[in-house]
Amino acid sequence: MQRRDFVASTVPKLLLGAVAQNLLLEACAQSAVAPDTTTIGADPLVLTAREGRTPAPLNVVGEMALEKVRGTDSGGLLCLFDFVAPPMSGPPLHKHSREDELFYVLDGEIVVQLNGVRYTVGAGGTVYSPRGVVHAYQNFTKSNARLLIAATPGAFGVMFEEMSAATPAGAMPSMDVLEGLHQKYGITTMGPPLST
């Protein structure tokens, strides 16, 4: 490969990577927890399929969630959860003022609504919901759906931990708990969960 070809193909990729990193750092700076870039990558993390970062799976609006990466694991940059969404489960319609969310469907099927438009997403499907987008998902099938949910910046994961701690086993959080957490974490509830 000639130098000119190398520069033409490599420099745009490097610049795009730098821009993406700067956007991520800017987003973290506006969040409740600023990233600690000195520790990013300092402590690798390996978990088995059934392990999470909390002693037990979390109950998040009736869905079981394993916290795979905490915000503190990533210097505040992101958190990652493995969710099992039973039939007819899903969060209320809402929007975030601080986080961008990424949903990746591992098994099953969910219906996602983004700014009033619905999409049916099956295994292998990806949904990106930037902050400010009114969104929700619902499992309308008769089988569990399983999805990975990542949020950046990573402080958002603490809300799931607090929600689970305030929810009785096998139940849903009270509306007072849910609204209190939403207010604390910059989330606005826009309506009930999706219906058919």
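Modeller: We can start with one glutamine and its strand, then turn to the sheet. The model is predicted, so local features need pLDDT of at least 70, side-chain atom pairs count only at pLDDT 80 or more, and totals for chains, interfaces and linings use all residues. Residues are numbered from 1 along each chain as its sequence is written, and side-chain values use heavy atoms, leaving out hydrogens and water.

Biologist: OK, where is Gln138 placed?

Modeller: Gln138 sits in strand E9, residues 135–138; strands are DSSP runs of at least two residues, helices (H or I) of at least four, numbered from the N terminus.

Biologist: Buried or exposed?

Modeller: Gln138 counts as buried because its relative accessibility is 3% (buried is under 20% relative accessible area, with a 1.4 Å probe and protein chains only).

Biologist: What does its side chain reach?

Modeller: The side chain of Gln138 gets to the backbone oxygen of Met88 at 2.9 Å.

Biologist: And what stands opposite Gln138?

Modeller: That's Val111. Strand E6 (residues 109–114) runs antiparallel to E9, with four bridges joining them.

Biologist: Switching topic: in what order do the six strands of the open sheet come?

Modeller: The order is E1-E2-E3-E10-E5-E8, with antiparallel pairing (two strands pair if DSSP finds at least two bridges between them).

Biologist: How many bridges join E2 to E3?

Modeller: Five, between residues 63–69 and residues 79–85. Leu66 has Asp82 in E3 as its bridge partner.

Key:
Buried < 20%, exposed > 50% of the residue type's maximum accessible area, 1.4 Å probe, protein only. Polar contact = N/O pair within 3.5 Å; in protein donor to acceptor, adjacent residues only side chain to side chain.
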